[in-house]
Amino acid sequence: MTGFTTLFHKELLRFWKVMLQTVAAPILTALLYLLIFSHVLEEHVQVYPGVSYTAFLMPGLIMMSVLQNAFANSSSSLIQSKITGNIVFVLLPPLSYVEFFLAYLLAAMVRGLVVGLGVGLVGLVFTDLTLVHPLWMLAFALSASAVFGTIGILAGIWAEKFDHLAGIQNFLIVPLTFLSGVFYSIHSLPPFWQKVSHWNPVFYMIDGFRYGFFGQSDMPPGIGMAVVLPCVLVLTGITLLLLERGYKLRH
Amino acid sequence: MTAAIRARALEKRYKDVHALRGIDLTVEQGEFFALLGPNGAGKTTFISILAGLARATAGRAEVMGHDVLDDYRAARRLLGVVPQELVFDPFFTVRETLRIQSGYYGLRHNDDWIDELLVHLGLEDQADTNMRRLSGGMKRRVLVAQALVHRPPVIVLDEPTAGVDVELRQSLWAFIRRLNREGHTILLTTHYLEEAEALCERVAMLKQGRIVALDHTARLLSCEAERRLELKLDPPYLPAQLRRWLIECRDGRYCLRLTDYAEIETVLASLRAAGIRVQDMTIAKADLEDVFLRVMAQQG
Ligand SMILES: Nc1ncnc2c1ncn2[C@@H]1O[C@H](COP(=O)(O)OP(=O)(O)OP(=O)(O)O)[C@@H](O)[C@H]1O
Ligand SMILES: [Mg+2]
């Protein structure tokens, strides 16, 4: 148990010691999105009755920050350790692969959630937010950050250089998050793109998360959870299997 | 008694390299053992398999009787490894690094031992310095300390003295010797053969993934029949009948190869007969380096 808590704590310290880049910078980025999009669209778009566009945008931005930062934390920590070689310090001790997984995952979730919370708190300066179903909100925040924390672990294990990671970031993570209804309701999309969006798990994460705030969403939150939870389970299973085999970590 | 390290028919293939070709090796508890071999012989690969950093293609390896795969937690807890590569985590200070490493082994309150390690490795003044700001040799000292935080009964040092100054080499070896006297098993790789000769009771020599020599250091040295005689002569001239023993002549010193000390008599008699005076004479016994070079040359 001490082994796990130490690794978890070390992973927290790792991003906390450079929080300007790992926490403050992503909050600022989200804030810029908020300012620009709400400035441009506030007067023109109303998705749900009684919900201003800025308020509508907030949960999407929070969730986007949670996902991207959860991914960034585990993936960058692993690739850095692999490239500098100091990954041996966690490979030599008697840590089990489950402890290894949980430590990296939980630290990634914490980073994602801390940034998300930061975005939310700063956002409150610009708009009021209700929180109709806090438990749904929390459930989606946790499960979604778990999905992206795990993808980050997978990417970190697989990648051999920073380029590989940037590729995943640019061609998978960013498109998935942007094409998921952060900035709009998918009901405003043409039917074809609506259908495509239904294949994007991130859509369910953001939609369910939004439900937590407004009690309104494109899909019922139960369906969303029924999509997201299996994602968590499948990705966890794959990652544990690879870790147990030492894939790309123990040659 | 269970062996500290046991390898049976250990094979390792990387994609296009056959790094280990059937290693059988047993290191008993309490031994001070050297694993020698030229670059690329497979020393680090062997150590990596013991430590679980690499997986054997075939064969088995055990640490204190625990299989490094099936029983990896026990095996890893009993093993301390100083890696060859100079690696460090730039986010932390020396003390933080050592505390974190202790934690990985389940040790929460390890500061007394950490302090002792810092003293023995000459790191007291660096305890609160960030790893990034240490010199190369200092970083290597921290690597040694990291390998020892959990007081492992089996300690493996992969070229621990590369890039380390004389003073630390001395104090490091004094410390490792003490650990060995207290019962720790030491497995060492080094390219400084005089270190291995001075420290290790037993030696294995590895070449292209095979063990080509394995014996007590003393026995390897005594089997090395060759003795050398170095002479400074006045006048500087070597009689013809002694030429067959000549290895080289450098800076006016003749170096002769003898197979027996008794031959010294013959040499001196020949010189006396030729009226040549011996100004200076040294007799050199073969050292581990000579053994190493001969063994490596023999094996194709
Ligand atoms: N990860 C790897 N992938 C492919 N080949 C490898 C890998 N690690 C080692 N090798 C190869 O295996 C062989 C043995 O390497 P190893 O590092 O064990 O040698 P060594 O005896 O430790 O040498 P040195 O004295 O230079 O440290 C070499 O030919 C090396 O190129
Ligand atoms: Mg090596």
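Q: Which residue stands opposite Glu11(B) in β2(B), and how do I read that?
A: Start with the general idea: strands of a sheet pair through backbone hydrogen bonds, either parallel or antiparallel. In this predicted model, Glu11(B) faces Arg21(B) of β2(B). The strand β1 (residues 5-13) of chain B is joined to β2(B) by 7 bridges, and the two run antiparallel.

Q: How many strands form the sheet in chain B, and in what order?
A: There are 4 strands in an open sheet, ordered β2-β1-β4-β5 in chain B, with antiparallel pairing. At the edges stand β2 (18-27) and β5 (66-67) of chain B; each has a single partner strand, so one side of each has no neighbour in the sheet. Helix α1(B) packs on this sheet, where it touches β1, β2 and β4 (58-63) of chain B. The direction of α1(B) makes about 115° with that of β1(B).

Q: Which residues coordinate the magnesium ion (ligand 2)?
A: Look for the donor atoms: here they are OG1 of Thr44(B) and OE1 of Gln84(B), at 1.9 to 2.1 Å. Thr44(B) belongs to helix α1 (residues 43-51) of chain B, while Gln84(B) sits in the loop between β6 (79-82) and α3 (94-104), so the pair ties together parts that are 40 residues apart in sequence.

Q: What is the relative accessible area of Thr44(B), and what is that of Gln84(B)?
A: Thr44(B) has 31% and is partly exposed. Gln84(B), with 29%, is partly exposed as well.

Q: Is Thr93(B) buried or exposed?
A: The cut-off for buried is under 20% relative accessible area. Thr93(B) has 16% relative accessibility, so this residue counts as buried. Its place is in the loop between β6 and α3 of chain B. Leaving aside neighbours within four places in sequence, Thr93(B) contacts Ala127(B), Asp128(B), Thr129(B), Asn130(B) and Met131(B).

Q: What is the area buried between chain A and chain B?
A: The size of an interface is often given as the accessible area lost when the parts come together. For chain A and chain B the buried area is about 2,700 Å², and carbon and sulfur atoms give 60% of that. Phe89(A), Leu92(A) and Pro94(A) supply 29% of the area that chain A buries against chain B, more than any other three residues. The contact involves 31 residues from chain A and 30 residues from chain B.

Q: How many salt bridges are found across the interface of chain A and chain B?
A: The rule finds 2 salt bridges there.

Note on methods: Residues numbered from 1 in each chain as written. Chains lettered and ligands numbered in written order. Predicted model: local features only at pLDDT ≥ 70, side-chain atom pairs only at ≥ 80, totals over all residues. Heavy atoms only, no water. Donors = N, O, S within 2.8 Å, 3.2 Å for Na, K, Ca; no water. Buried < 20%, exposed > 50% of the residue type's maximum accessible area, 1.4 Å probe, protein only. Contact = heavy atoms within 4.5 Å. Pairing = 2+ DSSP bridges. Axes fitted to C-alpha atoms, helices over the stretch in contact; angles between N-to-C directions. Buried area = accessible area lost by both parts, 1.4 Å probe. Salt bridge = Lys/Arg side-chain N within 4 Å of Asp/Glu carboxyl O.
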